Amino acid sequence: MRTVALAAFAAGFLAAAASPARAAVGVLTTTEGLAAVVREVGGDRVKVSALSRGIQDPHFVDANPSLAVKLRNADLLVDVGMDLEIGWLPPLVTQSRNGAIQPGGARRLTAGNFVSPMDLPTGPVDRSQGDIHPSGNPHFLSDPRRAVQVAAAVAGRLSEIDPENASYYRERLQAFQAKVAAAEKGWKAQLAPFAGRSVITQHKTLTYLLDWSGLKAAGYMEPKQGVAPPPSHVASLAALVKAAGVKGVLVENYYDRRPAEQLRDLSGVKVVVIPGDVGGTREASDWFGFVDVLVKSLVQAVQ
Ligand SMILES: [Zn+2]
């Protein structure tokens, strides 16, 4: 009798110890896109929130001191890197006085360190030329190939912080990879008829996605990255639209779309407004929804 009771007690104790009663890992990300990828991998074992909104330009986020307070208690900070957040994140991280989330810290994951960069500048870098992505193009998360690489890095780091749930994170990562592979087939099928066609984009936000899709950028509304288009540049783009047979210009919804509309008036090009990140529109409510909208927008812009 006594042995049975003891065994039952021990079993109950072990079950309690193994249950996920402990607090979820508190993850902060700089963007909603990163938060969406962390959610895919972390499931219900993480509590994720983003420091910026998908409707905001991620280069210019207000470094509100309340964000430093949030960072103070973060178990993990995931940032994009490649200098995307250079204008607002470093002072917040310093103010947070959370030693582990400083650059290179055990609880800091810079996604850009896990993907191969495009648009690396070759000559000397001069910031007076505008926001020219001096460490490479940081807008990589809409590229399915790189999103999977970031997800793997997130799974690895979550497993280090929360080793009890390592197999859970591994399984979630595998499920995400499989779901991305299946989604890619559908997206590629939508884009295949238009391979080789060109679009104009506002900023170099779609460089990786265009590379993945087989489409091209014929030009950019911004004459230099981060610089608003002057009328002379719009006029030269109008000539380019006619010469290259460009059908559409894509503009993130946080940019002033008037220059693109001027280009439309001059050249007849279509203006397609897109979300800049997950959360940028209602349909872009998670990473898959975001890429879905972008693929549909590309299809709309090339025909
Ligand atoms: Zn940028």
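**Close-up 1. Helices α8 and α9 are oblique to each other.** In this predicted model, the axes of helix α8 (residues 231-244) and helix α9 (residues 258-267) come within 9 Å and cross at roughly 50 degrees. Here axes are lines fitted to C-alpha atoms, for helices over the stretch in contact, and angles run from 0 to 180 degrees between N-to-C directions. Angles under 35 degrees count as roughly parallel, over 145 as roughly antiparallel, 65 to 115 as roughly perpendicular and the rest as oblique. Helices (H or I, at least four residues) and strands (E, at least two) are DSSP runs, numbered from the N terminus. On the side of α8, the contact is made by Val234, Ala235, Leu237, Ala238, Val241 and Lys242, and on the side of α9 by Pro259, Gln262, Leu263, Leu266 and Ser267, where two residues are in contact if their C-beta atoms, placed from the backbone, lie within 7 Å. By class, the residues of this contact of α8 with α9 are eight nonpolar, two polar and one charged; Ala, Val, Leu, Ile, Met, Phe, Trp, Tyr, Cys and Pro count as nonpolar, Asp, Glu, Lys and Arg as charged, and the others, Gly among them, as polar.

Residues are numbered from 1 along each chain as its sequence is written. Because the model is predicted, local features need pLDDT of at least 70 and side-chain atom pairs count only at pLDDT 80 or more, whereas totals for chains, interfaces and linings use all residues.

**Close-up 2. Four strands form an open, parallel sheet in the order β2-β1-β3-β4.** Two strands pair if DSSP finds at least two bridges between them, and strand β1 (residues 25-29) pairs with β2 in the parallel sense over five bridges. Within this pair, Val27 has Val48 of β2 as its bridge partner. Helix α2 packs on the sheet, where α2 touches β1, β2 and β3 (76-79), and the direction of α2 makes about 170 degrees with that of β2.
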